[in-house]
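Come and look along with me.

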Amino acid sequence: MGTFLSKYLNYKNICIQCHDNPDADALASGFALYRFYKSKGAEVRFIYGGKRKMTKPNLLMMVDKLDIPVEYETESVDCDLLITTDCRYGESNVSHFDAPKVVVIDHHQSDESINEDCLIRSNLASCSTIVWDLLLKEGFDVNADEQLATALYYGLYTDSSAFEELFHPMDRDMRDLLERDDKLIFRLINTNLSVDEMGIASRALVNQMISNDKRYSVIEAEECDPNILGVISDFVIQVDRIDTCIAYNPNQGGYKLSVRSCVNLTKANELAEFICSGLGGGGGHINKAGGFISASAFEKCHGTKSMTDYLCEKLDEYLEMYEVIHAAEYDIDISDMDKYVKKPFSIGYVKASDILSPGTPILIRTLEGDVERKISMDLYLMVGIEGEVYPIMREKFLSSYEPTSAEPDITFDYEPTIRDNIYGEVYKLTDYMKPCVATGQTRIYAKKLDHRVKVFTAWDKDRYYRGEIGDYLAVREDDMHDIYVIRGRIFDKTYEPGGDE
């Protein structure tokens, strides 16, 4: 079944163009498009423009060892179709060539309108991920081509600061599934830093701003490869007086951010999301994350304010705006909470031991992030109406739900999976999922939040669950320490008032 790429198979003379001074992601995504259309019998060129040729040693090695047929072009191109990858015309870092038809594949934020020939997925960490997903949908076996798989893996690696800024589960899926040349990846990683870039890092460290009372640092760097920001923030977070840090620099169309946290009260991915909200996008891991802020969006909202001042203000705001609840020790006041029951929606459940043996360490992958658990006979995984996954123990499952024959009423943006952390096998929860409905016997007390909270649940005392204004704080009627957060939109769909019978 064809998708976006197959729409253009009638063009027989195609030019793939990445941005000037290309990085590994641009080279990898362009290489993948080149391979695909070449396999379909088209005449294909892969080019980049600009004032100078590539000089970075890791990129020259990448092109040489992976046989990437990229050409430096400054004159003109002769083609029926031109596809820009990891960029789009109108941006300052891409040379313009006349072509009868132009298609765009990119992952950078854009204020421009998107048409049917423009595929922008700014929620993904790399353009390599977009093209990988497109190839899968075309039935193109990427792992049959080790050079291509290695290129895509390295493209994601570099654009996500060594996999520390993976915003979406699809990025993590590509990282895990590509069968690459690890020896070459190791060589590329260790050919990445130039003497000039070492100077950029040292100058940034000398001029960093430190808040002694709130234990954070903000570091401005010159324009550089995203990996250098990761090097800087990784170094700064090791300082004994710093719990949180943000390194940033001007980048294509805006500012690139690298975020670090070494305390469980601050998740780096949520801090990045908070800072970039409305201006770009952010995400990643609990301790290491990143983001992008659009220059035009920032100027529109904040005028001439410096990025350092903005980041300090947002850090101050973030560190002060949450009530912290440790559920295991918290005495919750239910006097201002109402009683609710779950509506009889058909949702999904999986008995974890039906997939893997008890004791097996697993990684649960969902849109909300990755969660690690161990399989036990009593562990069940619930799949909610938006594909959200949450663990529940057998005793509570049996008292709260019962099997049904009705099809689960679930809408997926991303199908949740679990991975065997010993052997690496991946299992879709939907392949094992059975339908169930709430019995109506278990009630909760809940109230809509008028302030933000971080809840460390009784079953996970090391990681918090964030509640925003409009979400609900809930506690089970039969366990006053089973306190948790329910997203507002999900609560409104799945709960109804329920007093005593």
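**Helix 4 and its neighbours**

I began with helix 4, which passes helix 5 in a left-handed crossing (left-handed if the near helix is turned anticlockwise from the far one by less than a right angle, right-handed if clockwise). Helices (H or I, at least four residues) and strands (E, at least two) are DSSP runs, numbered from the N terminus. I keep in mind that this is a predicted model, where local features need pLDDT of at least 70, side-chain atom pairs count only at pLDDT 80 or more, and totals for chains, interfaces and linings use all residues. Residues are numbered from 1 along each chain as its sequence is written, and side-chain values use heavy atoms, with hydrogens and water left out.

Next I looked up who touches whom: Leu152, Tyr153 and Leu156 of helix 4 make the contact with Asp171, Met174 and Arg175 of helix 5 (contact means heavy atoms within 4.5 Å). By class I noted four nonpolar, no polar and two charged residues in the contact of helix 4 with helix 5. Here Ala, Val, Leu, Ile, Met, Phe, Trp, Tyr, Cys and Pro count as nonpolar, Asp, Glu, Lys and Arg as charged, and the others, Gly among them, as polar.

Then I turned to helix 6 (residues 182-189), which helix 4 passes in a right-handed crossing. On helix 4 I found Thr150, Tyr153, Tyr154 and Tyr157, which meet Leu184, Ile185, Leu188 and Ile189 in helix 6. That contact of helix 4 with helix 6 has seven nonpolar, one polar and no charged residues.

**Helix 1 and helix 3**

I checked this pair too: helix 1 passes helix 3 in a left-handed crossing. Asp25, Ala28, Ser29, Ala32, Leu33 and Phe36 in helix 1 meet Cys127, Ser128, Val131 and Leu135 in helix 3. I sorted the residues of this contact into seven nonpolar, two polar and one charged.

**The largest cavity**

Which residues line the largest cavity? I listed Asp173, Asp176, Leu177, Leu363, Arg365, Thr417, Ile418, Arg419 and Val426. A cavity is a set of points on a 1 Å grid over the protein atoms alone where a 1.4 Å probe fits but cannot get out, and lining residues have an atom within 4 Å of a point. Helix 5 (169-177), strand 16 (361-366) and strand 21 (417-420) each supply at least two residues of this lining. I counted its classes as four nonpolar, one polar and four charged.

Methods. 1 Å grid on protein atoms, 1.4 Å probe; cavity = no way out; pocket = protein on both sides within 12 Å on 5 of 7 lines; lining within 4 Å.
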